[in-house]
Amino acid sequence: MPTLTKLFSMQEASLHNSKDDCWVVIDGKVYDVTTYLDEHPGGDDVILATTGKDATDDFEDAGHSNDARELMKSFCIGELDMSSPAIPELKISDKKQQTDVAQKLLNLTKQYWAVSVAIVGISVVAGFLFMRKK
């Protein structure tokens, strides 16, 4: 009989990536390890570096003991929803947004054109004054 566990998307799990709220995904299961961060022998930064992605390889590469694997079971809060995309879909920007940015840049250059002209003008006048002294 299948067990009923809560399903989490990778995107949802990746939102819990701080020392005050830390979830990791290992072997398709989601673990809330917030309370364990200070006790972890490798330090909390090791765990925090694995949030927001599948940490299975990192967990296996560390060579955890059977005791660690048993302890890990107590932090399990659900499973990874395999039907949701691992990476959120990118939003395609429309041409209006690009035009807005280009328009703002154009407005800035129109607004500050006098500064460039003044710098060039002062440089030309200073050059002529310098040349007259010689």
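Student: How much space lies in the largest pocket?

Tutor: About 370 Å³ lies there, in what is a predicted model, where local features need pLDDT of at least 70, side-chain atom pairs count only at pLDDT 80 or more, and totals for chains, interfaces and linings use all residues. Residues are numbered from 1 along each chain as its sequence is written, and side-chain values use heavy atoms, without hydrogens and water.

Student: Which helix gives the most to the lining of the largest pocket?

Tutor: That is α4, with 3 residues, while β3 (21-26), α2 (44-48), α3 (56-61) and α4 (66-73) each supply at least two; helices here are DSSP runs of H or I with at least four residues, and strands are E runs of at least two.

Student: Why is Leu108 called partly exposed?

Tutor: Buried means under 20% relative accessible area and exposed over 50%, with partly exposed in between, using a 1.4 Å probe and protein chains only. Leu108 has 44% relative accessibility, and therefore counts as partly exposed. Leu108 is found in helix α5 (residues 95-111).

Student: What share of the residues of the protein count as buried?

Tutor: Of its 134 residues, 22% do.

Key
1 Å grid on protein atoms, 1.4 Å probe; cavity = no way out; pocket = protein on both sides within 12 Å on 5 of 7 lines; lining within 4 Å. Points joined across faces, edges and corners; volume = space filled by probe spheres on them.
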